[in-house]
Each structure stands twice: as structure tokens, then as C-alpha cells.
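Here is a guided walk through one protein chain and its ligand. Keep the sequence and the 3D view side by side as you read.

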Amino acid sequence: MIDFYLNGRRQRCQDVTADTSLLELLRTRLDQTGTKEGCASGDCGACTVAIGEPDADGKLVYHNANACITPAHQLDGCHLVTVEGLAAGERLHPAQAAMVDCHASQCGFCTPGIVMSLFTLYENQRRQPAPLTQDRLEEALGGNLCRCTGYRPIRDAALAMGDYPAADPEWAEDAQLAGNVAWLRRPRNGEPAAGGHYVAPQDLAALRALKARRPGARLVAGGTDLWLETTQQLKALDDLIDVRQVAELNVIEETTEGWWIGAAVTLVRLIPLLAAPYPAFAHLMHRFASSQIRNRATLGGNVANASPIGDTPPVLLALDARLRLDGPRGARELPLADFFLDYKRTALAEDEFIAAIFLPRLAAEANLKVWKLSKRREDDISAVLAAFAWRLDDGVMRDVHLAFGGMAAIPRRAPVAEAALEGRAPDAAAFAEARAALAGELTPMSDVRGSADYRRLAAGNLLERLRLMIAAEHGPADDDVDNNNPATKVTLDAYAH
Ligand SMILES: Cc1cc2nc3c(=O)[nH]c(=O)nc-3n(C[C@H](O)[C@H](O)[C@H](O)COP(=O)(O)OP(=O)(O)OC[C@H]3O[C@@H](n4cnc5c(N)ncnc54)[C@H](O)[C@@H]3O)c2cc1C
Ligand code: FES
Ligand code: FES
């Protein structure tokens, strides 16, 4: 049974199959058709809803999510808000009123999703007021596509809604709501969530026991990769173990050497941690999918998915990350470099799962740069992703790590190109050798995101970008970058990310 609140009212849904999406539940079981289906793959945002979960103080905090790829069973113990739940009678919520007044809707198909993203932005602004910069607006609305209106009026609505008189939905007046939702989240360890096929263990021991009994069951975390197997490939997902609520998988532990990140930690939780030690990694996370996806997707899911174009694996490889794998036979540690074996094949045994990912601290003088190339800046998968780590020691490069996504069947480092730079001054000759080595040692794929030739050229160009950036930061190591000559001067800003 799924036990949750929908627009302030308790809902108990029996006999929901394991692979039912939240969108399907809303439209076919609960007759809530305001939430639309566009792509059914997390790309368009038409199905956006707001999911409220109690924070440490017991207050409901709302995030936007794509209903089409959210497992319905993940609603258990949440407050779901849909577009039907915003207006109080004839009185529109400010997010709706501003959309009307700014003429921000035409055919209206995207509008419920956009209103729900605006609603979560509105709620976030109330909790933590901050200037609505261009970055914040893109962050809030980057996962919502509109084919007819154009984004200027939608942006106007986002900027205007804060000036409307507060008009809360009726359910917001229920002082008991947060407590009632929190009560639904009482520990129900090992209790099957539905028909024995969708189980959400609450701790490591229960997860191990389930993996021992049903090693072949699929694990689901955010579902933002897995659910596409049902919506796009029409596969049945009838035996699922949900790892999102496993307490130990949600812990972030800081040590003197770095951070152990629990595999079920969502990307939105990870970003603030990355900002100080790895600004380039944090910047990448803002280009990872959309807020709807980042709110649900986990770091463990991104690694376990083992996609050649996953964004975090190359960065983790450049940082020499390690994994803690766990299962009924105990835990073991593995360098991430030994985890990816072949296309979508990993070193994970059938009964194992990823428990945590270790992010080593960068040495004080070490650097990390990350560049993602994709067709669109917002909500797009990488064609090529490069993550470079190195340090300069007395004018020569040391500990050079060059890692790439999109350049082979798996995310991987380029050891021959690394060797061409190791112990060398970062000059044009060393980088020309590294670039030639790269072309020989990596065999990129051709797909809709780019041909193999494009990817090879782009990866080589990113190496050249690195050389120019080092020259700009540390002074020219060769003749063709003269920082006193305005024609060749390389500014840090131009190569910031
Ligand atoms: C519209 C859209 C845009 C996207 N954009 C990006 C992008 O820009 N960059 C990018 O890298 N990815 C992107 N993705 C892919 C996806 O969001 C990420 O890979 C995400 O990190 C997956 O995490 P999840 O928690 O949702 O994993 P899930 O979908 O729940 O699981 C993914 C896989 O990992 C397995 N798994 C999950 N947790 C564990 C665990 N602890 N141990 C072992 N196996 C486990 C599952 O069984 C499944 O096979 C996008 C997806 C969509 C739909
Ligand atoms: S229907 Fe397009 S994101 Fe869900
Ligand atoms: S109003 Fe038609 S898609 Fe946005």
C-alpha cells in the first residue's frame, strides 16, 4: 500500500504494481489529469509535481520532480502537491496569477508543470529569500520546456509572483499536516511496500538480507535512469528494492582524507558540499540534467548506471575516488578505476550494491578542471566530458589525471596522454604529444550527440584549453601565449569553466 497525502488529503492506494509511475497513479487511479504527459522520459517537465518531505525540524520542504519517472511507491510518507492543489477556490496561487497576468501560457500543455516549478521556487524563496538572479531562474525552470509561448513571459511571471499578496492553498492552513505526513514515515523496516515486489528497507542490515534472498531484484534509487527502461523500452520492472531510505546510504562522513558519500545521497544534497573543495565539480552539477532530476537522482545511481556519458564518473576518476561495495557476504573497497569493466558492465557482484563513494581531498597545490560539452546548456547529456587533475611542482606537471566521458565504452582515464605530460613543463610541445596520444588511445562512439571524429577533436581541444588556462594562471610556458600582448593574452574569465 502507498500511504501519502495528496493536496492535503490522505490517500491510501492498494495493489499498485511495482513499476507504476507517479504520473500513471495520478492520471489513471486518482483522476488527477492536470499533470500532463509529454515525453515520459524526464526531459520536458510537463509532468512536474511538487513533493513535500519533512525536514529535521518536522517542516515540509517541497522539491519539484518529474512524475513520469518517479516510482509511485516513493510517494509513501510524502505530501504530493499537484496543479489541482494550488488555488483556494477562485483565488489563484501567486505562481498561477503571475502566469496569467504575464500572458505566459498559450496551448497550455507545459503550463501545469511550469506552475509547479514556480510553486517550489516560491516556497524556497519563502524559506530562504535570495535575489532571483538569472542563474536561479535557470536553475528553477531549466527542466521545463515550452514550445509556443517563449520563455520571456514565463521569466516575467517568476520575477513577479513574489510581489503578489500571499495566497496559500487551503491545505496550508492545516497545522497538523506536517506532523501527519511525518507520522507516515515511521520506520517500517522490511515491510513490503506493495505485493512483495517493491520493498523499501530502512537500514543496511535489511538491505543486505533482501539482497541475500533476492539477489536478482533490481535496485532503485532516484529512478531517473531505471524508470526509462519501463517508459521507453516498455520493460517490466516487477521486483524492486528501493535504496533511498536506507539510513547508512544517506550519510555523508568527513574524514581527514576526504568524504565518504552514501550512495543514496541526492545530487541536490551533494552540491553544497562540493562548492568549497571542488568548485569545478560543483559547477558541473548545475549543468547536470534539471532541478527535477537533481532533486531525486543519487550519486550511487550515476556511478552504478555505468553509462559512458555519465557526468560524475570522469570527475571521480580524476580524483582517484574509491567505492565501498556491500552485500550479504560483507563489504569491500574498490578503486573506481577497477569498477567499470565494459559497456554498462561493472565489477559489482549480483548480490552487491554500492554503499558509499569516497571523494579524496585535493592536495593543497592540486587543481581540478571539468568541462562538459553538450548541445544545450540546460538539461542535456554530455557529448564529451573532460575532468583534469594535476599539480605544478617547480614548473613541471605532476600527478596528471586526464579522465573522459563519451570517449570510450566506459568512462576512463587516458594513461598514455597522462604520461606525455607527467614531469614536463606545460608547454606546447608536451601538450602536442599528449594530444596525439589521446587520439590513439581512446575510441569514441558515434551517436546522436556527436560523431567519433567530433568527439576526438573536441577532447583534443579541451586539452589545448587546459594548456592555455595553465599559461594564463602561471605565466606563459611557451612563446605563443604572451600575457603582455593583448592579442594573445589569455584571461582567466574566458576559461573559467
Ligand atoms: C532528462 C534526464 C537528464 C539526465 N541528465 C543527465 C546528465 O546531465 N548527466 C548524467 O550523468 N546523467 C543524466 N541523467 C541520468 C540520471 O539522472 C543519472 O544517471 C542519475 O544520477 C541516476 O541516479 P538515480 O538515483 O536516479 O539512479 P536509478 O535510476 O535509481 O538507478 C540507476 C541504476 O543504478 C542502479 N543502482 C542505483 N543505486 C544503486 C546502488 N546503491 N548500488 C548499486 N546499484 C544501484 C539501479 O539498479 C540502476 O541500474 C539524466 C536522466 C534524465 C531522465
Ligand atoms: S512527461 Fe516529459 S518530463 Fe515527464
Ligand atoms: S504554452 Fe504551449 S508548450 Fe508552453
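Which residues does glutamate 365 touch, not counting residues up to four places away in sequence? They are Trp390, Arg391 and Leu392, where contact means heavy atoms within 4.5 Å.

A word on the source: this is a predicted model, in which local features need pLDDT of at least 70, side-chain atom pairs count only at pLDDT 80 or more, and totals for chains, interfaces and linings use all residues. Residues are numbered from 1 along each chain as its sequence is written, chains are lettered from A and ligands numbered from 1 in the order in which they are written, and side-chain values use heavy atoms, with hydrogens and water left out.

Stay with glutamate 365. This residue sits in the loop between strand E16 (353-360) and strand E17 (366-373). Helices (H or I, at least four residues) and strands (E, at least two) are DSSP runs, numbered from the N terminus. Glutamate 365 is partly exposed, because its relative accessibility is 42%; buried means under 20% relative accessible area, exposed over 50%, and partly exposed in between (1.4 Å probe, protein chains only). Aspartate 393 lies 28 residues away in sequence, yet 8.6 Å away in space, C-alpha to C-alpha.

Now turn to the ligand. Around ligand 1 there are 32 residues, each with a heavy atom within 4 Å of it. The closest are Leu219, Thr224, Asp225, Thr298 and Asp311. Strand E8 (218-220), helix H12 (299-304) and strand E16 each supply at least two residues of this shell.

Look at the polar contacts (pairs of N or O atoms within 3.5 Å; within protein, one must be able to donate a hydrogen and the other to accept it, and residues adjacent in sequence count only if both atoms are side-chain atoms). A polar backbone atom of leucine 219 is 2.6 Å from a ligand 1 oxygen. For isoleucine 354, a backbone N or O atom lies 2.8 Å from a ligand nitrogen. Aspartate 380 has a polar backbone atom 3.3 Å from an oxygen of ligand 1. The protein buries 94% of the 980 Å² that ligand 1 exposes when taken alone, by the Shrake-Rupley method with a 1.4 Å probe; for residues, only the protein chains shown count as cover.

Threonine 298 lies in the loop between helix H11 (291-294) and H12. Threonine 298 counts as buried because its relative accessible area is 4%. Its side chain reaches the backbone nitrogen of glycine 301 at 2.9 Å.
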